[in-house]
Structures are given as C-alpha cells and as structure tokens.
Amino acid sequence: MKSTVETTEVPEQRTGPATAQHRSAPRRGRGHGAGLRGLGHVPESPLYEGRFGRMFRRLPPLALGEDEITALAERMVERSPGDPGLDNPRIPSGYTFLGQFIDHDITHDPTPLQVGRRDPDALTNFRSPFFDLDSVYGRGPADQPYLYDDEKPGHFLVPERDGQYDLQRNAQGSAIIPDPRNDENLFVTHLQLTLQLFHNEVLDALPELPESARLGEEDDFAAAQGIVRRHYQWVVIHDFLRRIVGEETFRDVLRSAQPTARGRGVERPDLRYYRWRNNPFMPVEFSVAAYRFGHSLIRARYKLNTSVPQLPIFTADPVSESDPLSHLGGFRALPEGWQIEWRRFFPLGADGGGPESARAIDPFLAPPLMELPEEAAEGVASLARRNLTRGVSLGLPSGQSVACAMGVEPLADADLGLPRPGPAPLWYYILREAEVVAEGRHLGPVGGRIVAEVFLGLLAADPASYLSRDPGWKPTLESAEDGDFTMSDLIRFTGFGLGEV
C-alpha cells in the first residue's frame, strides 16, 4: 500500500541530523525526501541496494492516453462514503495504516510523476528492501545518537508533553526520525511511536526473557533489536499479509511443513513469479499496482479517540491555510488531547465494541483522495489519476495479460466496469478482481499472489530474517495465543494507546 501522499519531484537528499532540518514552508512533497538508509545489523553490501524491476518482463505495456486515464479516474470516486454496507469486516481500519508503515519500511521511489515511458530497471529504491525497520532504527545509536536517550542507553528518546507521547521534533515541528514519511498523518505517527516504545519495552524486559530469546546477541541493544525485528516480521506475514491476501492464497504461497519426530516444522515460500538472479528487486507490478490496493481501504473520516471529533486525514486546503484541528494530517506537533486510542483501530478486545472496519477492496476511493492538497500532489489532485498515470509511465501490462501469464481466468469485460471494453490497467484490475472474486474482503488470485510472493520473497532474501536464519522460529513474547503474535499483541506489550482519551 503506497503512501496516501506522493512526491512530485526529486527532493534534496539528507543524511544525519540534518534530516530533521526541514523548512516550514513550502511543504511540497514533504515527508518523502529520504536518503539511503543504513542496514543496521544486516551486512552492508551494494548487492542489497534494491533496484526496481519487473516480474513479468515479456508482457507488453498497456498504452493509455490522458483522456482515457482521466475518464477512468473519474469513475473511481466512492459515491457513498458513509455507507456501512461498503465496509470490510475482515480488515480493521488500523491495518490500512500498518500497510502504509510497512511500505515505508521496504520501498521509496521519489521520481517525478509523468506520463512518458520510464525504465524501472533504472530506478533506485531508497530503502533497504527488507522488513528490518530501518525507517525506525536508522543507522543505530552510534551513527544517529540524537534518536536515542542519553540517560537510558539503547532506548529511543520518546518525549512526553502535556501527559502524552509525541515524536521528537525540531523548532519547525518536523519529526526527528529516519524517514519523514512516518509523520505524514497521525496514524503512521502513532505507529512510529508504538514501534519505538515496543523496542524500549523489549529492552527493559530482557532480564526476564530466556537466554534463547536473545538470539545469541551479547549486546543488549542488538538483542532487543533482533527480538523486535523478528516479532515485527511475524506480524507483517502472519497477521497483516494473511488478512490482505486471504487464507487460500496465503497457504498456497507459504508452505508449512508439519513437525516430525526428528525436527520442527518449518515455513518455506513457493515463489513462481517473483524471482531474481543475484539480488532481490522491487517489482513495479507490486509497488505501482498491487500494493496500492490500500488506497481503497481508506475511509473518508476517522475518529482518533473519544475526545476528538470525526475528521478527515487531510483537507484540500494548503497546509499553511488549513485549521490544524480540522484534519488528521501530520508534520506538526501532536495537539493536546490527540493521543490515539488503538482499540478503535485494532482488535484489542477492550470494552466499547470492536474496531472500525476499513473499506472494501474495490475500484472506488474516498472523495478526499481525489482532492489532494497542492503541496502534496502538485498539478494532479486525483490520487486515482496519479496512480493510473504512474502505471502507464512505467509500462505496466494490462491486468488481463498478467492473469493469463499466471494461468488465471481473466475477468470478463462485463465484470470490469470500464468506460469501454478492453484491457484494464493492472492497478484497477486488481481492485476490481478483489471486488468480484472476494466481495472486497481480500485480494483476488492475481493481486494476492503478487503481494504474497513479494512479501515472502523479500523476507526469504533477507539474510537476517527469521525465515532465513530459523524458518521454524515461533514468537517468544507474550501473546493472546501461544505461538502467534499479532499487531494487537504488540500494542498490548507496549501498553501504549490502550486508555481512553
């Protein structure tokens, strides 16, 4: 799931403490300028740079003109944003933003939006393409000490103001974090905070954990980081991915061998379409099409906690002119009384009912996404039009041709709902497939397979992941169900965002 806001120009790269030295205005494409990050305890090598590439190299690109793109984008506006019949009870709304946070962890393409054809092999992914939380840890305490607490070695510095937590910020209100995109709305801001607090709690709990939980690390920071990364990876695969792609696709791509008398059961991914020769790449079929399914999950408005009224993530007004209390956008200090109540977004089993659902996965986007602020989407305010344009500029094949390449029966013209019969853009096709095949509850066979293979392929390619080092590993931290670990378990472990505000 790509970020709600996307850059329109290549920003200045920043490293070290200067990452936080953003100007307060103008905020053009703000939050997406980030230089190459360190890999922490993952062995550094140019082979892990992570360029973009293709899964289906032999398929011809789908050519669409500006008029065709505009006509299709105009049909993708959600007409009844308040209709509960269009909700997705399978996916609580918090997973919408967890998907955005995960995206920031593995990929960043800051190249300009344009219709002209570009070669994805020439693009560079400005993230390590692994689930290693480099967007949280940065280069670690030695290289980026300003992220960490001098008085509590190895702990993230998490300021508390007016009785609530917020990210570190400079005088202009910019967050001092490795990836500024993790402050672009208040939900990813709170996810960044939650992961920082999770690390701190794990570090504090090390003396009570069994020696085996340290994964052989003698240094306390490295031991806590390893535990955090493995449990985060488990959440990404077994909680988030399973919900998104559906149980059938999940079990088809991740094969689990049963334990035997001579050994533990292990997990092995079955990759049919996502393959590489020397080092993993970021497929444009994933980053520009399949993973952008998350835009359809976004609701028009959210209620952050008991006290704050229901608000949109952002408004179409320029940031400099908008009322900071009228939206849930980021890049500013957290207003007083705006701490999140996670029970509204994840299934925490708290009193007051379950979390609010995300919207169905379908080809319709909430109205605010069609009116992005000018400084975030210069020249093209419609997110649907931007996504379609990017797909054409990178020469993505049609959804029908990808389905045929996978041996999947393509959707009929009557099911696609296009302005006129014919080939469908891959992003649009994947959204429609989810609606037609899975009633919008999860991705269909084409979209689900692409997302599952890329997630599991990247995890398998990471030499430090649990799937590479110990494919029979199971979570060791306290959870609601033994041998499992969900985002709700992670939140409970931190104790953050559980109370009423």
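This is a predicted model: local features need pLDDT of at least 70, side-chain atom pairs count only at pLDDT 80 or more; totals for chains, interfaces and linings use all residues.
## Where helix 12 meets helix 13

In helix 12, Tyr429, Ile430, Glu433 and Val437 are in contact with Pro445, Val446, Gly447 and Ile450 of helix 13, where contact means heavy atoms within 4.5 Å. Sorted by class, this contact between helix 12 and helix 13 has 6 nonpolar, 1 polar and 1 charged residues. Here Ala, Val, Leu, Ile, Met, Phe, Trp, Tyr, Cys and Pro count as nonpolar, Asp, Glu, Lys and Arg as charged, and the others, Gly among them, as polar. Helices (H or I, at least four residues) and strands (E, at least two) are DSSP runs, numbered from the N terminus.

Two packed helices are described by the angle between their axes and the distance between the axes. For helix 12 and helix 13 the angle is about 115° and the axes are 7 Å apart. Axes are lines fitted to C-alpha atoms, for helices over the stretch in contact, and angles run from 0 to 180 degrees between N-to-C directions.

Residues are numbered from 1 along each chain as its sequence is written, and side-chain values use heavy atoms, leaving out hydrogens and water.

The mean pLDDT (the predictor's confidence in each residue, from 0 to 100) of the protein chain is 86, and 84% of its residues reach 70 or more. Over residues 3-50 the pLDDT is below 50, and this stretch has 136 contacts in the model beyond near neighbours in sequence. Residues 122-127 also stay under 50 in pLDDT, with 37 contacts beyond four places in sequence.

Helix 12 covers residues 426-438; at 1.5 Å a residue, its 13 residues should span 18 Å, and the end C-alpha atoms are 17 Å apart, which agrees. The expected span is 1.5 Å times one less than the number of residues.

Because 10 of its 13 residues are buried, helix 12 is largely enclosed by the rest of the structure. Buried means under 20% relative accessible area, exposed over 50%, partly exposed in between (1.4 Å probe, protein chains only). Among the buried residues are Trp427, Tyr428, Arg432 and Ala438. The partners of the buried residues include helix 1 (66-74), helix 9 (383-393) and helix 10 (399-406), as well as helix 13 (445-461).

Helix 5 is mostly covered, with 18 of its 20 residues buried. At its start, a side-chain oxygen of Asn185 comes within 2.9 Å of the backbone nitrogen of Phe187.

Phe101 sits in helix 2 (residues 94-106) and is buried at 0% relative accessibility. Leaving aside residues up to four places away in sequence, Phe101 touches Leu133, Val136, Asn182, Val188, Leu191, Gln192, Leu195 and Tyr232. Phe101 and Leu133 are 32 residues apart along the chain, and 9.7 Å separates their C-alpha atoms.

## Two loop residues with positive phi

Which residue in the loop between helix 5 and helix 6 deserves a look? Leu215 lies there, between helix 5 (186-205) and helix 6 (220-245). Leu215 has a positive phi of about 60° although it is not a glycine, and at 33% relative accessibility it is partly exposed.

Phe331, not a glycine either, has a positive phi of about 60°. Phe331 lies in the loop between helix 8 (284-289) and strand 8 (357-359) and is buried, with a relative accessible area of 13%.

Notes: A polar contact is a pair of N or O atoms within 3.5 Å; within protein, one must be able to donate a hydrogen and the other to accept it, and residues adjacent in sequence count only if both atoms are side-chain atoms.
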